[in-house]
Amino acid sequence: MTPAPAAPAGAATAAPAAPVALRGVGRAFTAPDGGTRDVLRDVDLDVDAGEIVAILGPSGCGKSTLLRIVAGLDHPTAGEVAIDDDAVRPYDVRCAVGFQEPRLLPWRSIERNVALGLPRGTGRRDGRAQVARLLELVGLAEFAGHRPHEVSGGMAQRASLARALARNPEVLLLDEPFGALDALTRLKMQDLLLDVHSAEPTTVLLVTHDVDEALQLADRIVLLGADGDAPGAGVRQTVVVPGHRPRDRGSAELAELRGRLLDGLGIDRHGAARGIQATTTIPHYPY
Amino acid sequence: MTTDAAKTTDTERSGLPDGSVGSGFAAPVAVGGRAVAAADATGPAGADPRPPGREERGAAASVARRPRRPARPGGSAGSDGGDRRPLSSRRWFRIVGGALIPLALLAAWQVVSTTGAVPVSQLPSPEMVWLAAVDLAERGLLGLYIAISTQRVFIGFAFGALFGLLAGAVVGLSRLGDVLFSPTLGAVRAVPSLAWVPLLILWFGIGEDSKVILISIGAFFPVYTIVAASLRHVDRRLLEAGRAFGLRGATLFATVQLPAVVPSVIAALRLALAQAWLFLVAAELIASSMGLGFLLSDSGNTGRIDRIFLAIILLAVLGKLSDALVGLLERWAVRRWA
C-alpha cells in the first residue's frame with residue numbers, strides 16, 4: 001500500500017484478476033437423520049481471469065453452496081478449489097462476496113459500511129478516498145452519510161456491491177445479488193455491474209436463477225443441476241454467450257439461447273415444441 | 001393559497017415602509033411573522049371575505065414554521081408542540097398525562113383522610129407524611145437514609161452489572177463458556193434472593209459488604225441473562241458478512257456483535273437497576289441501622305405508619321428517577337445503534 005508518486009489520490013491499485021479452478025468439488029451435508037446428503041458432486045470448472053461466469057440452476061441445487069466454497073465461507077467435502085493455483089483458505093482475502101441481501105450494519109452510515117470492505121492496513125486517507133471513489137462509482141455519493149434503513153433496497157444493494165469492491169478483490173463472488181430487487185431496478189443494477197466490471201475488470205462468479213440476467217452479464221453460463229437420479233448437482237452444460245457486452249436485451253440470438261437454457265432448467269418454453277411458430281411477428285396496434 | 005400570497009405581497013408593497021420586502025412567493029418567509037401580520041391588518045380593505053383574525057393566525061403560523069425546517073435536517077427529531085405530530089407524542093402532553101394519575105391519587109388520599117372514612121392509624125393523611133419527612137429531615141436522618149440507600153444501590157448495581165456483562169459475554173460468545181457456565185449460573189439464578197441473606201450475614205457480617213453483595217447478586221442476573229441471550233442471537237448473516245470481510249476475534253466483536261447488542265444491554269441495565277432497588281430493601285429490612293429499608297422495618301416495629309408511607313413514596317420516587325436516567329441513555333442508544 002505504498003502511495004505511488006504519480007497516482008492521483010484515491011486511484012486504486014487494482015489487484016490483478018485471478019483465475020479460479022474447481023477440481024472434482026463435492027459437498028455433502030449431514031442430514032437430520034444422521035446420514036449425509038450430497039449437494040454438489042464432481043464439479044469441474046475453470047474461470048479465466050477477468051471473465052464473468054454465471055452459475056445458473058434451479059432453486060436449491062447448490063449454486064450458493066458452490067459460491068460459498070469458492071469464497072472460503074464453506075469447505076468442500078471432496079475435491080479442491082484454487083484461486084491463481086493457490087488453494088482457497090477460510091474467508092479468503094482474495095475474494096469479496098456480494099450477498100443476496102445487502103447485509104449492511106444498520107448502525108453504520110453507508111460510507112462506513114463500504115469502508116468495512118477495505119483491506120486491512122489501508123491508511124485512513126487512502127481508505128477514505130477509495131470509499132468516496134466507490135460511492136461515486138455506484139452513484140451513492142450523496143447518500144454517504146445515510147443509514148442503511150434510510151435508503152431504498154436497490155441503494156442498499158449498491159452499497160453492498162461497493163463494499164465488496166472496496167476489498168479490491170481478485171475474484172468477485174455475487175450470490176443472486178439482484179434477486180430481491182424489483183424488475184426495473186434489477187435491470188439498472190445489471191448495467192451498473194457491467195460499468196463496474198469495465199472500470200475494474202476483476203473475475204466475477206455470479207450465481208443467479210434469472211436466465212436473462214445471466215445472458216446479459218456473463219461471458220459463459222454454467223448450468224448446474226442433478227444428472228438423472230444420482231444425488232448431488234454437477235455441471236450439466238456450459239454455454240458461451242455470443243457477442244460483446246452490453247448486449248441488446250431484445251436480441252433474437254439471445255432469445256433462442258434463453259429458450260435452450262430454460263429447457264435445460266426443465267422449463268417448458270411453450271413455443272416450437274407445441275407447433276407454434278417461433279418467428280411470428282407481433283402485429284402493431286391498431287390491428 | 002397562491003392568490004392569497006400574491007395579494008399579501010401586494011399590500012406589503014403598498015402599505016409597508018420596509019424596503020426589504022421582495023416580490024413573489026419567498027417574501028413572507030423572508031420578512032417573518034411581524035410583517036405578514038401587519039400586512040394583514042391592511043388586508044381586509046381588499047376583496048378578502050374571510051375574518052382577518054383567522055387569516056392572520058394561519059399565515060403567521062405557517063411563516064413561523066417554515067424557516068425552521070432547514071435547521072432540522074433529519075426531520076424526525078424535535079419535541080416541541082409546533083409541528084403536526086399527534087398529541088400523544090408531544091412532550092408536554094406526556095408529562096401532564098403521566099402526572100394526572102399520581103395527582104388524582106393524592107387528591108383521593110387527601111379526601112379519604114379528611115373525611116375520616118379510614119382511621120388515621122391505617123391511612124395517615126398526606127400532611128402527616130409530609131410532617132414525618134420534615135421531622136426526619138430536621139434530625140438529619142432523611143438525607144442520610146436516602147444517601148446511604150442510593151449509595152448501596154449504585155455500588156451494588158455497578159458491580160452486579162459489570163460482572164453480568166462479563167459473564168454474559170463469555171457465555172454468549174463462546175460455545176465452551178456456554179457449556180461450562182450456563183447450567184451453574186442458571187441454578188444460582190433460581191435461588192430466591194432472600195435465601196442468600198443468612199449466608200451473606202454469616203460470611204460478611206451485617207456491614208455494608210453483605211448488603212452491597214446481595215444487591216450485586218440482584219443486579220447481576222438480568223444483565224447476565226439478557227446479554228448472553230442477545231449475543232447468542234446476533235444476526236448470523238451479519239456475522240458471516242463481517243467474517244467474509246476479514247473481521248475475526250476482537251475486531252468482529254467490536255464491529256458487529258457489540259453494537260448489535262447495545263440496545264438490549266441498556267434495557268438489561270434498566271431492569272438490573274430496578275432489581276437493585278428490590279434487593280436493597282430486602283437487605284436493609286433484615287439487618288441494618290440506616291437506610292430506607294431500615295426506616296421501613298423500624299417504623300413497622302414502632303407503628304409509625306406515616307413513616308412507612310414516607311419510605312414507600314421515597315422508594316417509588318428514587319426508583320423512578322434512577323430509571324429515568326437509564327431511560328435517557330436508552331433513548332440515545334436506540335437512536336445511535338438501532
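This is a predicted model: local features need pLDDT of at least 70, side-chain atom pairs count only at pLDDT 80 or more; totals for chains, interfaces and linings use all residues.
## Helical spans of chain B

## Where chain A meets chain B

Chain A and chain B bury about 1,800 Å² between them, and 59% of that area is on carbon and sulfur atoms. On the side of chain A, the residues that lose the most area to chain B are A:Tyr91, A:Arg103 and A:Trp107, which together account for 38% of what that side buries. The contact draws on 19 residues from chain A and 19 residues from chain B.

Across this interface there are 3 salt bridges, as well as 6 residue pairs in polar contact. Sorted by class, the side of chain A that touches chain B comprises 10 nonpolar, 1 polar and 8 charged residues. A:Arg103, already named among the residues that lose the most area to chain B, forms a salt bridge with B:Glu240, in which the closest N and O atoms are 2.7 Å apart.

## Helix H1 of chain A

Helix H1 of chain A, which covers residues 63–71, is largely enclosed by the rest of the structure, because 7 of its 9 residues are buried. The buried residues of this helix are A:Lys63, A:Thr65, A:Leu66, A:Leu67, A:Ile69, A:Val70 and A:Ala71. Just after the helix comes A:Gly72, which takes a positive phi of about 80°.

## A buried aspartate in the loop

The loop between H1 and strand E4 (78–83) of chain A contains A:Asp74. Is this residue, A:Asp74, buried or exposed? Its relative accessibility is 14%, and because the cut-off for a buried residue is under 20%, A:Asp74 counts as buried.

When its neighbours within four places in sequence are left aside, A:Asp74 is in contact with A:Arg27, A:Phe29, A:Thr65, A:Arg68 and A:Ile69. Of these partners, A:Arg27 is joined to A:Asp74 by a polar contact of 3.2 Å between the two side chains, while A:Thr65 and A:Ile69 are among the buried residues of H1 in chain A.

Methods:
Residues are numbered from 1 along each chain as its sequence is written. Chains are lettered from A and ligands numbered from 1 in the order in which they are written. Side-chain values use heavy atoms; hydrogens and water are left out. Contact means heavy atoms within 4.5 Å. Buried area is the accessible area (1.4 Å probe) that two parts lose on being put together, summed over both. A salt bridge is a side-chain nitrogen of Lys or Arg within 4 Å of a carboxyl oxygen of Asp or Glu. A polar contact is a pair of N or O atoms within 3.5 Å; within protein, one must be able to donate a hydrogen and the other to accept it, and residues adjacent in sequence count only if both atoms are side-chain atoms. Ala, Val, Leu, Ile, Met, Phe, Trp, Tyr, Cys and Pro count as nonpolar, Asp, Glu, Lys and Arg as charged, and the others, Gly among them, as polar. Buried means under 20% relative accessible area, exposed over 50%, partly exposed in between (1.4 Å probe, protein chains only). Helices (H or I, at least four residues) and strands (E, at least two) are DSSP runs, numbered from the N terminus.
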